[in-house]
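Hello! Here is the structure I promised to pass on to you. Please have a look at it first, and then read my notes below.

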Amino acid sequence: MKRANANMVVLYGSQTGTAEDYAGRLAQEARVYGFSAISLDLEDIDVNDIERLGEIPESVAVFCMATYGEGDPTDNAQAFYDYLKDESPELSALRYIVFGLGNKTYEHYNAIGRFVDEKLAEFGASRLFEHGEGDDDGNLEEDFIAWKAKMWPALCKKFNKPVPENVNLAPIRQYKVKIHETFAPEKVFTGEMQKLKAYENQRPPFDSKNPFLAPVRVHRELHTGGDRSCMHIELDIAGSGIKYEAGDHVGVFATNDPALVEELGKLVGNVDLDSLFSLEAVDARSSKKSPFPCPCTFRTALLHYVDILSQPRAHLLRELAEFASDPKEKEFLEKLTTEEGKKDFQDWIQHDQRTILDILRDLPSVKPPMDLLLEFLPRLQCRYYSISSSPKAHPNSVHITAVLVKYTTKLERDRAGIATSWLKLKKSEATPDRVPIFIRRSTFKLPKQHTAPIIMVGPGTGLAPFRGFLHDRRVERSKPTNASVAFGETVLFFGCRSRHHDYIYETELKEMVADSTLSEMHVAFSRDQNAKEYVTHHMTANKKRVWDLVAKGAHIYVCGDARNMARNVHQILLEAVMEGKSCDATEAANFIKKLQAEGRYSQDVWT
């Protein structure tokens with residue numbers, strides 16, 4: 001900040017790139033309001049330097065904090081989170097503002113933004129404006145725009161700066177394109193996450209910035225009929241140095257469909273996808289010199305680095321309008337970004353599930369430059385899968401259980417999941433295909449004491465981590481040193497559509513019941529009878545059993561859909577506690593919160 005003569009720093013904790021994008025936009029807008037700002041990744045700073053911001057006159061720190069999973073910090077914000085949680089810094093010289101990004105589907109909505117806001121105030125920092133919150137289950141972009149429209153004038157007032165009139169808060173380009181006629185091949189990225197030629201010269205340690213190319217050793221279909229597909233994939237990690245535990249996640253870097261990439265190149269005006277280019281930061285002070293590894297070809301960027309199947313946010317539509325040659329199409333796009341056009345935006349983009357491809361198909365006069373799309377489209381994120389194996393049973397492989405995602409949109413257009421469609425094509429032959437992976441640690445873990453009972457609730461592929469748990473317990477039960485240990489009861493609530501089509505791992509599960517690895521198993525088949533039957537029905541029928549196990553110290557695990565299943569399971573658990581303890585809802589809710597705090601009630605859920 002001193003070198004850049006900056007008096008504002010925008011720090012971000014981002015998992016999918018949205019908080020990072022917002023931080024960059026705030027830093028760019030700052031100069032319109034008389035501030036000089038830089039944006040920085042929380043992972044790239046010494047957190048102790050936050051205590052020194054008072055050395056810069058009239059300095060301001062803005063935090064864009066995304067909440068990940070069940071109230072967790074993003075990977076790049078972990079050290080900052082630990083600093084606020086475990087230390088007692090003196091922050092009386094710090095002036096700050098927080099904007100949090102979350103999703104109301106999850107129980108711990110915006111937990112990290114709220115945590116940061118409260119902790120900074122607790123340590124003496126001065127809050128300059130009320131913390132903002134964006135909901136990704138609603139309209140995150142709209143929440144962000146509404147918040148900053150009030151935040152900037154309030155900040156100007158705090159520092160006695162004039163508030164500029166008629167400010168256009170349309171996103172300012174953060175990068176400029178540079179086309180390369182020639183470039184040394186050894187300096188061109190071809191899909192690596194960070195380090196050049198990392199896929200040619202594999203060197204540990206392997207992580208999200210340096211994934212391991214794991215050979216596919218087993219690839220088989222788990223469904224035995226019906227119109228859906230569920231894959232069991234075993235990835236070889238022998239010799240990689242990769243370690244994992246049952247309950248951890250494996251991150252997979254997939255690529256976009258090459259046919260869609262070709263189509264996108266044609267839709268913007270027959271771009272030569274094999275042209276070499278770089279996106280370079282407009283602001284020389286920017287800590288991020290490019291939004292993804294450069295130089296590369298347009299084809300590489302579209303295949304590996306940007307998400308071409310995401311639903312565009314309003315700020316991209318605002319940019320697209322500038323490149324519409326048809327006045328009606330231009331007017332339509334502009335309207336979608338206004339207050340009056342909110343409903344149209346929800347209908348046309350969100351309800352109809354339009355991607356950038358759909359927009360360019362439906363508005364043929366819109367021909368944006370490719371570099372604009374590459375800057376404004378979100379980064380293509382790795383996909384996380386709950387590992388369905390245990391290292392005690394499979395030390396040299398990581399197992400994935402994944403349903404092939406495919407559906408038809410409201411526009412009657414076929415859509416396929418990026419990662420599962422890509423994984424479906426991976427073969428385990430003499431020369432197996434390879435999958436870029438890394439391990440992400442999870443708190444979704446078996447109890448340390450083998451004597452503790454466990455209750456597992458996981459319909460569909462929610463069974464994945466529990467397969468790992470069961471393999472783990474089976475190995476532990478077979479050890480001579482545990483011969484005298486009375487293992488806790490192990491109860492599984494599992495569900496699928498049909499006994500005959502998608503009862504995944506049926507043989508394995510029945511074998512585990514037979515050898516007592518599983519004490520009992522409740523299986524719901526939702527489509528095998530007229531009345532739908534789900535795992536929650538079985539849990540309701542066994543509420544007393546659930547309470548008896550909880551009273552014995554059971555650990556409860558829930559894996560699967562956050563929006564409905566996990567909420568319903570939580571309600572059933574609440575009822576089980578109320579009946580078991582003969583208490584009211586408030587006391588039961590407090591009891592469940594205590595279970596969560598003790599690590600006895602864990603969720604691994606997704607929307």
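Glu412 sits in the loop between strand 16 (406-408) and strand 17 (414-416); strands here (E, at least two residues) and helices (H or I, at least four) are DSSP runs, numbered from the N terminus. Although Glu412 is not a glycine, its phi is positive, at about 65°. Most residues other than glycine have a negative phi, and most peptide bonds are trans.

A note on what you are looking at: this is a predicted model, in which local features need pLDDT of at least 70 and side-chain atom pairs count only at pLDDT 80 or more, while totals for chains, interfaces and linings use all residues. Residues are numbered from 1 along each chain as its sequence is written, and side-chain values use heavy atoms, with hydrogens and water left out.

Two peptide bonds are also worth a look. Pro204 and Pro205 are joined by a cis peptide bond with omega of about 5°, and Pro205 belongs to the loop between strand 8 (175-180) and strand 9. The bond from Cys294 to Pro295 is cis too, with omega near 0°; Pro295 lies in the loop between strand 12 (276-281) and strand 13 (296-297).

Now for the sheets. Strands of a sheet pair through backbone hydrogen bonds, either parallel or antiparallel. Here, two strands pair if DSSP finds at least two bridges between them.

Five bridges link strand 9 (residues 212-221) and strand 10 (residues 230-236) in the antiparallel sense, and Glu221 has Met231 in strand 10 as its bridge partner.

Another open sheet has five strands in the order 21-20-19-22-23, and its pairing is parallel. Its edges are strand 21 (520-525) and strand 23 (601-606), each with a single partner strand, so one side of each is left without a neighbour in the sheet. The twist averages 10° from one strand to the next. Helix 17 (residues 562-581) packs on this sheet and touches strand 19, strand 22 (555-561) and strand 23, where contact means heavy atoms within 4.5 Å. The direction of helix 17 makes about 155° with that of strand 22. Strand 19 (residues 454-457) runs parallel to strand 20 (residues 490-496), joined by four bridges, and Ile454 stands opposite Thr490 in strand 20.

Finally, the record. The UniProt annotation "domain: Flavodoxin-like" (unreviewed entry) covers residues 8-152, and "domain: FAD-binding FR-type" (unreviewed entry) covers residues 209-447. UniProt positions are in the numbering used here, feature names are shortened, and annotations may be inferred rather than shown by experiment. How far apart are the end C-alpha atoms of residues 8-152? They lie 13 Å apart, and the span is 32% helix and 25% strand. For residues 209-447, the end C-alpha atoms lie 31 Å apart, with 28% helix and 22% strand in the span.

Enjoy exploring!

Technical notes: Axes fitted to C-alpha atoms, helices over the stretch in contact; angles between N-to-C directions.
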